[in-house]
Amino acid sequence: MDAFTILDGLVAPLDRNNVDTDAIIPKQFLKSIKRSGFGPNAFDEWRYMDVGEPGMDNSKRPLNPKFVLNQDRYQGASVLLTRANFGCGSSREHAPWALLDYGFRVIVAESFADIFFNNCYKNGILPIVLPKAEVDALFGLVEHTPGFRLKVDLPAQLVTRPDGHGMPFDVDPFRKECLINGWDDIGLTLRHADKIREYESRRRAEHPYYYS
Amino acid sequence: MQAQTLYEKLWSSHVVHEESDGTALIYIDRHLIHEVTSPQAFEGLKLAGRKPWRVGSIVATADHNTPTDHWDQGITDPVSRQQVETLDANIRAVGALAYFPFKDQRQGIVHVVGPENGATLPGMTVVCGDSHTSTHGAFACLAHGIGTSEVEHVLATQCLIQKKSKTMLIRVDGTLGKGVTAKDVALAIIGHIGTAGGTGYAIEFGGSAMRGLSMEGRMTVCNMAIEAGARMGFVAVDDTTIEYLRGRPFSPTGDDWDKAVAYWRTLHSDEGASFDKVFELRADQIEPQVTWGTSPEMVTGVRGRVPNPAREKDAVRREGMERALQYMGLNPDTPIAEVRIDKVFIGSCTNSRIEDLRQAAAIVRGRRKADNVKLALVVPGSGLVKRQAESEGLDKIFTAAGFEWREPGCSMCLAMNADRLEPGERCASTSNRNFEGRQGAGGRTHLVSPAMAAAAAIAGRFADVREVL
Ligand code: SF4
């Protein structure tokens, strides 16, 4: 996983509540057995005029001019700005894989669905919750300011607008440390292997019926 | 001792290690695996040169990609076939307590297969790379969906890194009306608290109406906890739980059974335990539900109307409603009972168990599907459910009415196989998600109970099942 510290990135707006993981990456692309290559199919049904299937040459497909991420001004964005309950629905980790592959490292929203929120951290994406009033203001600024960027400082837990307005955000200390260092959870957990074994033998003795 | 909630009991009995900030290592008893969210996890494990910690915790099945007809031809879609074969190979290499591959007698939807085989037991932690793992909470388990990185984490360490959730009690008291089912309870709850209402919470479902539900009904409600934003929902152990488990293939036997039951009887919230939030609903006020939009919270009673966005004050919500009505091809203020349908789907991990099929068959018996209904699909949740239904003659009732009786799997719940809606088609579906494109690009999904889906198939439009009964 790539470490995350400070990012200064172009912001793209997706002004909807309840954007679900089916919308972020439709199920037909879940048939892949790889972790990469989902970016061209992120938001597939909104992004293209035709129906996408695995194996298509996405560069030849007709783009939907009405879909906000297709606008020239948002190409190369690394910060996604959206609304409430982002990432709801299916637990598919293909959703953060697709967003990451598309180029997003930060998602700013009013709120996130739990499983998606968790999946972001496992893939080096920083999900940031800001108050509705700040999000409202950001949507206005993005719309009216071509090339609008945000500076995201994870160690300082601060998002800063170009006009200097700073917005602090919460992040779980453990997740923060993992993200800043790009640590692999499994390696961390296996440091406790003895404790896991100890727990397991205790449980086996107390509740043998869970082990048959 | 201080009164504890069921969640606290389940949580504290699984803590392996806890950091000072509350981040804990939680031990996992049961790891359910299906073909879609596991290949990258097995690959990651292999690349890192790691071995699975306890293969005896693994129960696996192929369900999302498998076809529901022409099993003699195998899986014709090469990409689907590759994914299913990858699971076959991974389980062959690694091992498992049980594997129900494509065409196996006990194959089926992972959340149907686990409980019916007794692989889901009270007091367990149960995870699966699938958000509807909340289903298993019906057995007083801590059961929730995980992402693929966590699938790999559980394979490698038998643990998950977690923080304690807040707790919510949803009490449904009273008696459900005739024709009102667990699905209607679930949709009514989501209609009230919203799709983010349970975010950050572990939900315990209680109250006399919940206790009155069968295990199938409780699974339906817990299944939909995720649609209310909660990763997990659960119900305390009672006689219904214990009777259901008696004699299942992986249920304990002999002395172990008695020992287990004695422990399971403690799995309830103590008198006076306090929750972070409580929500109450009267069972007798719940009507048969129908969703009208593209989120499960966009729901109303069957006697209601499609809402009018003009009356919504919040601008973002109003736009969301307008977009949903446009996608769904519905006009504001249309009575739900005037909405005509093209297809019916009875199935999914929400509503494909024997009781669901019985409820639908009771409506269908002696009637025929309406001519405007192009396809009425019944997809049992598993091979065991299918054979049980056939032994009761339910398949004959459905086929005589013009329904199709299929092989088990996820099918048109998410349309990863050949079963899907065409653009613009409208479906009465017993599944759990009415998101845009969920049942096929451009397809329009209305979530309902099995009885309501059956009634819609007969009428060709939504109909109040209470008038048909
Ligand atoms: S039936 Fe539908 S919701 Fe359930 S596991 Fe299968 S795809 Fe997921």
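Predicted model: local features only at pLDDT ≥ 70, side-chain atom pairs only at ≥ 80, totals over all residues.
**Exercise 1. Classify the aromatic pair A:W46 and A:F67, then the pair B:W257 and B:W264.**

Step 1. Start with the search. Over all chains, the whole structure gives 20 aromatic pairs.

Step 2. Take the chain A pair. The centres of A:W46 and A:F67 are 6.1 Å apart, with 50° between the planes. Planes over 60 degrees apart count as edge-to-face, and those under 30 as stacked. The A:W46 and A:F67 pair is therefore tilted.

Step 3. A:W46 is in helix α2 (residues 44–47) of chain A, while A:F67 is in the loop between α2 and β2 (79–82). The two are 21 residues apart, so the pair links distant parts of the chain. Both A:W46 and A:F67 are buried.

Step 4. Take the chain B pair. B:W257 and B:W264 have centres 5.8 Å apart and planes at 90°, an edge-to-face pair. B:W257 and B:W264 are both buried.

**Exercise 2. Which arginines lie over the face of A:Y48 and of B:Y244?**

Step 1. In chain A, A:R61 lies over the face of A:Y48, at 3.8 Å from the ring centre.

Step 2. In chain B, B:R248 lies over the face of B:Y244, at 3.8 Å from the ring centre.

**Exercise 3. Describe the residues around the ligand and where the ligand sits.**

Step 1. Find the site. The ligand sits in the largest cavity.

Step 2. Pick out neighbours. Among them are B:H64, B:H111, B:D130, B:H132, B:C349, B:C410, B:C413 and B:R438.

Step 3. Sort the shell by class. Five residues are nonpolar, five are polar and two are charged.

**Exercise 4. Which residues of helix α12 (residues 354–364) of chain B are buried?**

Step 1. List them. B:I354, B:D356, B:L357, B:A360, B:A361, B:I363 and B:V364 are buried.

Step 2. Recall the helix geometry. An α-helix has 3.6 residues a turn, so residues three or four places apart point the same way.

Step 3. Check what follows the helix. Just after α12(B), B:G366 takes a positive phi of about 75°.

Note on methods: Residues numbered from 1 in each chain as written. Chains lettered and ligands numbered in written order. Heavy atoms only, no water. Phe/Tyr/Trp six-rings, centres within 6.5 Å; stacked < 30°, edge-to-face > 60°. Helix = DSSP H or I, 4+ residues; strand = E, 2+ residues; numbered from the N terminus. Buried < 20%, exposed > 50% of the residue type's maximum accessible area, 1.4 Å probe, protein only. Lys NZ or Arg CZ within 6 Å of the ring centre and 35° of its normal. Near = heavy atom within 4 Å. 1 Å grid on protein atoms, 1.4 Å probe; cavity = no way out; pocket = protein on both sides within 12 Å on 5 of 7 lines; lining within 4 Å. Sits in = over half its atoms within 2 Å of the grid points. Nonpolar A, V, L, I, M, F, W, Y, C, P; charged D, E, K, R; others polar.
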